[in-house]
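Please read them beside the coordinates.

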Amino acid sequence: MLESKTIHAPELPANLRWLNGPALRLQELRQQGKVVLLDLWDYTCVNCVRTLPYVVEWANKYRDQGLVVIGVHAPEFSFARELRQIEKACAEFDITYPVVLDNDYAIWQAYDNKGWPSKFLIDADGYIRYNHLGEGEYLATEMAIQQVLREANPDYKPVAFTNPKRGEDSPGARCYRPSPEIYLGYERSDVSNPEGVEKGVVMLYPGKSETPKAIAPTPDTPKQVYLQGAWRSQDEYVELAGTHGRITFRYKAKDVNMVLSPTSDVVELMLQGQGGIALGSGALGSGALGSGLGGGKVEQPGFYLLQDNEPLQPLNAGADVAFSAAGQAIVVTDRPRMYRLISNPDFEEHELTLVVSGKGFAAYSAAFTTCVAPT
């Protein structure tokens with residue numbers, strides 16, 4: 001399972017910002033006989049978020065056996081470089097092990113990394129012995145951790161492997177293939193309105209009746225997302241230029257998650273990093289958001305959800321959805337992050353619409369997760 005002692009792990013740069021403790025050096029950890037697990041992650045990446053419960057458990061379980069877990073936060077989007085946002089993410093995901101901010105991808109490049117999440121296991125002699133890209137292989141990764149710890153410590157005490165956190169993580173589980181990730185920014189735009197997109201230009205997109213019907217993307221069909229209202233396309237996101245708009249796409253998945261922000265303004269994001277906007281019961285209601293593209297008082301950025309052109313029901317709501325007294329499925333965008341919008345009872349195909357209020361609201365991407373298929 002382990003690679004041979006061939007590739008020395010590159011040293012961590014000395015000029016990076018660290019959270020949850022002082023800066024660490026691999027050379028010093030090697031002198032202490034420590035085994036190191038580098039976890040390259042991003043707090044907006046659903047695949048990273050789904051691996052974090054395992055990484056957190058391994059950090060706690062094997063700390064006394066000589067394992068040091070280091071989170072390497074490499075941002076997918078520009079706002080994820082901001083210190084306070086990562087501090088909030090560490091608190092949200094119970095990350096207490098050291099985290100280094102790889103904002104310029106120095107560690108990413110030194111390790112020739114290919115994507116998120118990615119794990120590099122470094123033995124007590126400083127060699128990279130195991131690498132895994134993406135979700136899954138949790139048992140194999142933990143077996144590698146145990147084997148390297150055993151090599152480093154003749155008094156290593158075996159412990160039980162971590163139980164699967166989800167059914168789809170069980171060895172041999174057969175899962176559905178969800179829709180591929182959708183991007184809204186100009187660089188990787190999946191916006192499919194006939195009017196097209198133009199970087200930095202406000203485009204006025206007509207009503208839904210004048211746009212083609214979205215199809216659920218698969219590996220063999222194109223990804224499609226349709227906008228309604230006035231939107232400006234930037235490199236990483238689309239920004240609402242008016243006060244009301246819509247985002248619509250079809251999907252095949254169990255869960256739908258989107259990376260969203262109440263604003264793309266750098267100064268506002270820094271200020272929100274200090275406090276943010278709490279999800280409350282009073283600010284956003286059916287009156288605040290309005291019933292469509294016209295009317296409605298905008299009190300703070302947010303949106304309500306339609307599934308198959310009907311109000312989203314609680315049975316299908318994700319963890320970041322609240323319901324107004326009138327039964328609207330409401331999401332308040334309190335800061336730039338991944339929002340959990342849909343959690344269907346099973347793997348399903350639907351059309352999802354965000355009815356958005358709040359000039360400056362920014363949408364970056366949509367990602368989809370699966371579940372175990374019946375045998």
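1. The model is predicted. The lining of the second largest pocket comprises seven nonpolar, four polar and six charged residues. The space in this pocket is about 380 Å³. Val49, Arg50, Asn257, Met338 and Arg340 are the closest to its centre among the 17 lining residues.

2. Two or more residues of that lining come from each of helix 2, strand 10 (238–261) and strand 15 (337–357). Strand 15 contributes the most, five residues.

3. The largest pocket holds about 500 Å³ of space. It is lined by 23 residues, of which Asn47, Arg50, Glu135, Gly136 and Thr370 lie closest to the centre. Its lining consists of ten nonpolar, seven polar and six charged residues. Helix 2, helix 5 and strand 16 each give at least two residues to this lining.

4. The largest nonpolar core has 46 residues, and those touching the most other members are Trp41, Trp58, Leu67, Ile95, Tyr97, Leu121 and Ile145. Elements supplying at least two core residues each include strand 2 (35–41), helix 2 (46–62), strand 3 (67–73), helix 5 (138–152) and strand 16 (362–369). Helix 2 provides the largest share, ten residues.

5. Which residues does Trp58 touch, leaving aside those up to four places away in sequence? They are Leu37, Arg63, Leu67, Lys119, Tyr138, Thr141, Glu142, Ile145 and Thr162.

6. Another core, of 34 residues, lies apart from the largest one. Val191, Leu227, Ala253 and Val321 are among its members.

Notes. Residues numbered from 1 in each chain as written. Predicted model: local features only at pLDDT ≥ 70, side-chain atom pairs only at ≥ 80, totals over all residues. Heavy atoms only, no water. Core = buried A, V, L, I, M, F, W, Y, C linked by side-chain atoms within 4.5 Å. Buried < 20%, exposed > 50% of the residue type's maximum accessible area, 1.4 Å probe, protein only. Helix = DSSP H or I, 4+ residues; strand = E, 2+ residues; numbered from the N terminus. Contact = heavy atoms within 4.5 Å. 1 Å grid on protein atoms, 1.4 Å probe; cavity = no way out; pocket = protein on both sides within 12 Å on 5 of 7 lines; lining within 4 Å. Points joined across faces, edges and corners; volume = space filled by probe spheres on them. Nonpolar A, V, L, I, M, F, W, Y, C, P; charged D, E, K, R; others polar.
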